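Dear colleague,

Please find below the sequence and the structure for your review. My notes on the model follow directly after them.

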Amino acid sequence: EIDSVPGFDRKTGYPHARSLRNGTNLLKVLEDNINLRGIEVRFSTPAGRLITGDDGAVHGVWIDGPDGRRAVRARRGVILACGGFESNPAMQRQYWQLNPVLSAAFRGNTGDGLRMAVDVGADLWHMWHFHGSYGFRHPDPDFPFAIRMKRLPDWVPEIREPAARMSYILLDRRGQRFMNEYDPYLQDTGHRPLDVMDPATMRQPFIPCYAVLDEAGRKMYPLGGVVFNDRDIVPYEWSADNLKEVENGILRKCDSVEDLAGALGCQTAQLEATLDAWNAACAAGQDQAHGRPSQTMVPLATPPYYVGEIWPVVSNTQGGPVHDAVQRVIDPYGEPIARLYEAGEVGSIWGHLYLSGANLSECFIGG
């Protein structure tokens with residue numbers, strides 16, 4: 001993060017940006033260095049396919065610009081820095097069991113770098129792995145972004161305990177809890193408990209699942225936290241009291257447990273048992289069922305209740321072409337593809353683990 005840039009106001013410099021904290025300051029430093037070094041930037045000019053020679057080496061790239069398709073020669077090599085495939089549902093279906101996964105990322109991340117690399121013989125790694133959480137679907141089916149849950153602070157076991165209360169629990173279609181709703185790295189691992197396939201029914205029982213809260217929880221804080229940077233999309237502003245979301249259907253108000261059971265499609269007796277067990281756990285200060293930290297637990301005992309459908313959300317992918325320690329793209333036999341390199345998210349080094357802030361660091365170091 002960069003705390004400040006002299007003479008730069010991020011609200012006027014990048015008025016469309018809604019990123020948290022100081023990401024826009026960092027982008028300003030990048031932009032200034034691009035301009036200082038005279039690097040040419042071409043917008044609306046997607047790369048199509050790589051150009052290889054008879055020796056298999058990469059010698060350039062086809063681009064589609066305002067003047068049509070052109071071949072650009074690379075004097076030393078081509079670097080793929082094309083991001084991931086968060087906005088490519090077909091590619092998600094190929095590599096992930098979870099379906100659907102809503103994107104909270106850049107709309108241009110459609111897997112272009114992966115296709116170009118595979119076309120010239122690249123091997124792939126980490127394709128199953130992505131960072132994400134869970135959140136809401138916008139009522140307009142054409143809205144391109146997921147609505148993430150309000151960001152509550154991450155916590156680190158044995159180092160930093162959670163300091164925020166969470167107003168809701170997550171239930172499946174049967175009206176039962178199935179996970180710790182507030183794991184240590186919720187913004188990057190919260191989707192993982194939803195990744196289940198029931199072999200008896202051939203269904204994913206937790207997609208969608210349901211966030212349930214009561215009247216006291218509704219008043220605690222806005223449930224949604226909308227963060228994306230896109231000049232062409234009118235941002236969605238989540239209401240402070242969550243009532244606009246009741247009006248537009250993101251949340252549904254239920255006056256009783258019976259009404260709530262009807263909204264979930266589950267048995268009232270089962271739902272009553274779930275709420276009783278949860279409230280008893282809150283009173284005891286211990287969630288023996290799923291291990292949610294006691295500091296985060298809030299009872300659900302003040303009707304009316306509110307419920308919203310919850311879906312997996314991807315923040316960024318990790319999978320892509322394999323590369324070595326000097327960023328050369330590698331083929332399935334462990335040999336580098338001559339004159340082809342990659343940087344950043346297009347083929348991250350990170351596998352199954354959460355990497356605690358190192359995504360951005362990898363983009364800079366790899367670049």
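Is F145 buried or exposed? At 4% relative accessibility, F145 counts as buried, where buried means under 20% relative accessible area, exposed over 50% and partly exposed in between, with a 1.4 Å probe and protein chains only.

Before the remaining findings, a note on the basis. The model is predicted, and local features need pLDDT of at least 70, side-chain atom pairs count only at pLDDT 80 or more, and totals for chains, interfaces and linings use all residues. Residues are numbered from 1 along each chain as its sequence is written, and side-chain values use heavy atoms, with hydrogens and water left out.

Aromatic residues

Rings of Phe, Tyr and Trp (its six-membered ring) are taken to pair if their centres lie within 6.5 Å; planes under 30 degrees apart count as stacked, over 60 as edge-to-face and the rest as tilted. By this rule the count comes to nine aromatic pairs. In one of them, the ring centres of F85 and W96 are 5.4 Å apart and the planes stand at 40°, so this pair is tilted. F85 lies in the loop between β4 and α3, and W96 in the loop between α3 and β5, so the pair ties together parts that are 11 residues apart in sequence. F85 is buried, at 0% relative accessibility, and W96 is buried too, with a relative accessible area of 5%. The rings of F143 and F145 have their centres 6.2 Å apart and their planes at 75°, so that pair is edge-to-face. F143 counts as buried at 14% relative accessibility. F85, Y95, W96 and F130 form one aromatic cluster.

Helices (H or I, at least four residues) and strands (E, at least two) are DSSP runs, numbered from the N terminus.

In α4, which comprises residues 112-119, the buried residues are G113, L114, M116 and A117. They cover an arc of only 165° around the axis, which puts them on the same side of α4; the arc is that of the directions from the helix axis to the C-beta atoms. The elements that cover these buried residues include β1 (47-52), β2 (58-65), β4 (78-80), α3 (89-95) and β13 (320-321), with contact meaning heavy atoms within 4.5 Å. Just after α4, G121 takes a positive phi of about 105°.

The 17 residues of α9 should span 24 Å at 1.5 Å a residue, and the end C-alpha atoms are 24 Å apart, which agrees; the expected span is 1.5 Å times one less than the number of residues. Buried in α9 are L271, T274, L275, W278, A281 and C282. They cover an arc of only 125° around the axis, which puts them on the same side of α9. The face turned away from this buried side carries the exposed residues A269, D276, A283 and A284. Among the elements covering the buried residues of α9 are β9 (169-171), α8 (257-264) and β12. Just after α9, G285 has a positive phi of about 75°.

β14 and β15 (residues 336-342) run antiparallel and are joined by two bridges, and I330 stands opposite P336 in β15.

Backbone features in loops

One joins N99 and P100, with omega of about -5°; P100 lies in the loop between α3 and β5 (102-103). Another joins P303 and P304, with omega of about 5°; P304 lies in the loop between α9 (268-284) and β12 (305-317).

Positive phi values also occur in residues other than glycine. Phi of H126 is near 60°, and H126 sits in the loop between β6 (124-125) and β7 (130-136). Phi of Q327 is near 70°; Q327 is found in the loop between β13 and β14 (328-330) and is buried, with a relative accessible area of 16%.

With kind regards

Note on methods: Pairing = 2+ DSSP bridges.
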